[in-house]
Amino acid sequence: MIGDRLQQAAETRTEATDAIRMSVTVESIIVAGTEPAAGRARDPIGELRIRTLTRRERELLLLLASGWSNRRIASECLLSPNTVRTRVQNILVKLGVHSKLEAVAFAFEHGLVPPQRSSRS
């Protein structure tokens, strides 16, 4: 019974994560007017912006793309919430975006975050 509840919770979380990824992809298509990464021409300005990110900022961006909140990042990475907030703001400035959602869309569009396929049938 508990195992069934855990399985159901895991499936619900996976569905929610898939929905967020789809939302980001749809928004990037609407904003950019094209499919992300695969069908795009080389973007030297985007590549330059990506190169300005530190290794740690890239890690935080990947966690944001995985749906982690600032609070969870702070807890799991042993950082203060203020440090996470500052680093997220630095990421936004370096990428030239205005929100975490835009940063995640940018990461998907430029191949920083590989699109994940659902393993469910």
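Me: How many aromatic pairs does a search of the whole structure find?
Reply: The model is a predicted one. Two aromatic rings pair if their centres lie within 6.5 Å. Searching the whole structure on that basis, the number of aromatic pairs found is zero.

Me: Is Val-84 buried or exposed?
Reply: Val-84 belongs to helix α5, which covers residues 81–95. A residue counts as buried under 20% relative accessible area. The relative accessible area of Val-84 is 0%, so Val-84 is buried.

Me: Which residues is Val-84 in contact with, leaving aside its neighbours within four places in sequence?
Reply: Contact requires heavy atoms within 4.5 Å. With those neighbours left aside, the contacts of Val-84 are Asn-70, Ile-73, Ala-74 and Leu-79.

Me: What arc do the buried residues of α5 cover around the axis?
Reply: The buried residues of α5 are Val-84, Val-88, Ile-91, Leu-92 and Leu-95. They lie on the same side of α5, because their arc around the axis is only 95 degrees.

Me: Which helices do the buried residues of α5 pack against?
Reply: Among the buried residues of α5 is Val-84. The buried residues of this helix pack against α2 (44–51), α3 (55–65), α4 (70–76) and α6 (100–109).

Methods:
Residues are numbered from 1 along each chain as its sequence is written. This is a predicted model: local features need pLDDT of at least 70, side-chain atom pairs count only at pLDDT 80 or more; totals for chains, interfaces and linings use all residues. Side-chain values use heavy atoms; hydrogens and water are left out. Helices (H or I, at least four residues) and strands (E, at least two) are DSSP runs, numbered from the N terminus. Buried means under 20% relative accessible area, exposed over 50%, partly exposed in between (1.4 Å probe, protein chains only). The arc is that of the directions from the helix axis to the C-beta atoms. Rings of Phe, Tyr and Trp (its six-membered ring) pair if their centres lie within 6.5 Å; planes under 30 degrees apart count as stacked, over 60 as edge-to-face and the rest as tilted.
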